[in-house]
Amino acid sequence: MYSRAPRFAVVGVPGNRRVTLFQDAVRASGLPEARVVPWRTVLRGEAVFLPGESVRIDSPGEDAEVERLLRGVDDPTRVEGSARWYAAFTAAVRDVARAASAAGAVLLDDPDDIAVLFDKRLCHAVLRDAGVPVPESPTSGPGAPAVRGWADVRTLMREHGMRRAFVKLAHGSSASGVLAVETAGDGRVRATTSVERDAAGRLFNSLRVRRCTTEAEVAAVVDALAPDGLHIERWLPKASQHGRAADLRVVVVAGRATHAVVRTSRSPMTNLHLGGERGDLDAVRAAVEAAGGSWAAALAVCERAAACFPDTQCVGVDLLPSTGWRRFAVCEVNAFGDLLPRLTGLPGSGAENLDTYAAQVAAVLPNRTRNHRADAAH
């Protein structure tokens, strides 16, 4: 055992798979089980932390009551309310930070970083200003023009020469409220999205990706989303694997790219819950090298993106490979992008035999991390 071993606390949803996987990693490391601080307790203003605890903030998702408190809707599949969710969530994270600091606990996730990570407009600007390659965006940064509806989206796309663009909720996640919009020279407009609109005009997330085939249909969805804030990015052509569009989720822990998964799809959205499938990472590495690119350089792009958030231990970077596999851009950086069950670390990462949660536990144990990397080198 190691001296001064940390005690963990995790702010999360009790029994949720994220919390369960983190607990498994803590126990496997030989440490006492993490103390779970429920999000419901946080939102009631009753969260308590202990001196010396290492406090991990995890997703508040998959709890209907927490979702109702944050978003103000009774149906967790509803899309609307993301601006309210963002305000309530970031305020709660700051409450956690104050309580942890007052108790003498150590926070593993910075509240200012989280506030940026959950605003796509701010996150894009931070990455762009740091020289991280990102898709062009007319809504990047706090000084960007407001997007009040479809008319503004149409204007900004035209002014920036974007015939194809992704329109996203500024505070969305898991592809909620995302439209992949395509325009043609004859004025036709269509979009691919998982958003469904009922007869009353309410928006719902669906597990089925569908097509909006008329401008009026696209406009109605965008106009309904706009009050919560929108972000627009140029739609970059992606590389493909076996005829399916491909991108990567790369997990960066303590500044180092430790895990990566390829996501492929027949639709523009590669999210696994929307029908995306895991691809062949070895084939991606071979394709990058065969094209004259560098896999190490691709991972370095992800590490540069994560370095923009130095006080947050772990982020998930969505990396877009361009057609031909030579160049890469960062689409998003996710505060809770580590849910990749059973995936072990990349060769040479120091996390070869660890899942994403075990790698984060190890990063709080410097001696163990160093010993593991030394063992891996032999």
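This is a predicted model: local features need pLDDT of at least 70, side-chain atom pairs count only at pLDDT 80 or more; totals for chains, interfaces and linings use all residues.
Leaving out residues up to four places away in sequence, Arg234 touches Pro135, Glu136, His160, Gly161, Met162, Arg164 and Ala165. Arg234 itself is found in strand S9. Is Arg234 buried or partly exposed? With a relative accessible area of 24%, Arg234 is partly exposed, since buried would need under 20%.

Ile232 belongs to strand S9 too, which runs over residues 230-234. Ile232 has a relative accessible area of 0%, so Ile232 is buried. Setting aside neighbours within four places in sequence, the contacts of Ile232 are Glu136, Ser137, Pro138, Thr139, Val147, Val153, Leu156, Met162, Ala165 and Phe166.

The table gives the C-alpha separations.

| Pair | Apart in sequence | C-alpha to C-alpha |
|---|---|---|
| Ile232 and Pro51 | 181 residues | 43 Å |
| Arg234 and Gly104 | 130 residues | 44 Å |

**Helix H7**

After H7 comes Gly161, which has a positive phi, near 60°.

**Helix H3**

Helix H3 spans residues 64-71, and Val66, Glu67, Leu70 and Arg71 are buried there. Looking down the axis of H3, the buried residues fall within an arc of 110°, so they line one face of the helix. Which helices do the buried residues of H3 pack against? Their partners are helix H2 (39-43) and H4.

**Rings**

A pair of aromatic rings is described by the distance of the centres and the angle of the planes. The model has eight aromatic pairs. In one of them, Phe89 and Phe118 have ring centres 5.3 Å apart and planes at 70°, so this pair is edge-to-face. Phe89 is in helix H4 (residues 82-103), while Phe118 is 29 residues away in the loop between helix H5 (111-117) and helix H6 (120-129), so the pair links distant parts of the chain. Both Phe89 and Phe118 are buried.

Phe89 also pairs with Phe336, again edge-to-face, at 6.3 Å centre to centre and 75° between the planes. Phe336 lies in the loop between strand S15 (328-334) and helix H11 (356-363), so its pairing with Phe89 in helix H4 ties together parts that are 247 residues apart in sequence. Phe89 is buried at a relative accessible area of 0%, and Phe336 counts as buried at 14%. These rings belong to one aromatic cluster, formed by Trp39, Trp85, Phe89, Phe118 and Phe336.

Two charged side chains also sit over rings. The charged end of Arg56 is over the ring of Phe22, 4.8 Å from the ring centre. Lys168 lies over the face of Phe166, with 6.0 Å to the ring centre.

**The whole protein**

Zooming out, the protein has twelve helices and 15 strands. Its radius of gyration is 21 Å, close to the 21 Å from the globule rule for 378 residues, so the protein is as compact as a globular protein of that length. Along the principal axes, the C-alpha atoms fill a box of roughly 70 × 55 × 35 Å.

Of the 378 residues, 56% are buried. Among contacts with a separation of 6 or more, 62% come from residues 24 or more positions apart. The accessible surface comes to about 16300 Å², and carbon and sulfur atoms account for 50% of it.

Note on methods: Residues are numbered from 1 along each chain as its sequence is written. Side-chain values use heavy atoms; hydrogens and water are left out. Rings of Phe, Tyr and Trp (its six-membered ring) pair if their centres lie within 6.5 Å; planes under 30 degrees apart count as stacked, over 60 as edge-to-face and the rest as tilted. Helices (H or I, at least four residues) and strands (E, at least two) are DSSP runs, numbered from the N terminus. Buried means under 20% relative accessible area, exposed over 50%, partly exposed in between (1.4 Å probe, protein chains only). A charge sits over a ring if NZ of Lys or CZ of Arg is within 6 Å of the ring centre and within 35 degrees of the ring normal. The radius of gyration is taken over C-alpha atoms; the globule rule is 2.2 Å times the number of residues to the power 0.38. Contact means heavy atoms within 4.5 Å. Accessible areas come from the Shrake-Rupley method with a 1.4 Å probe; for residues, only the protein chains shown count as cover. The arc is that of the directions from the helix axis to the C-beta atoms.
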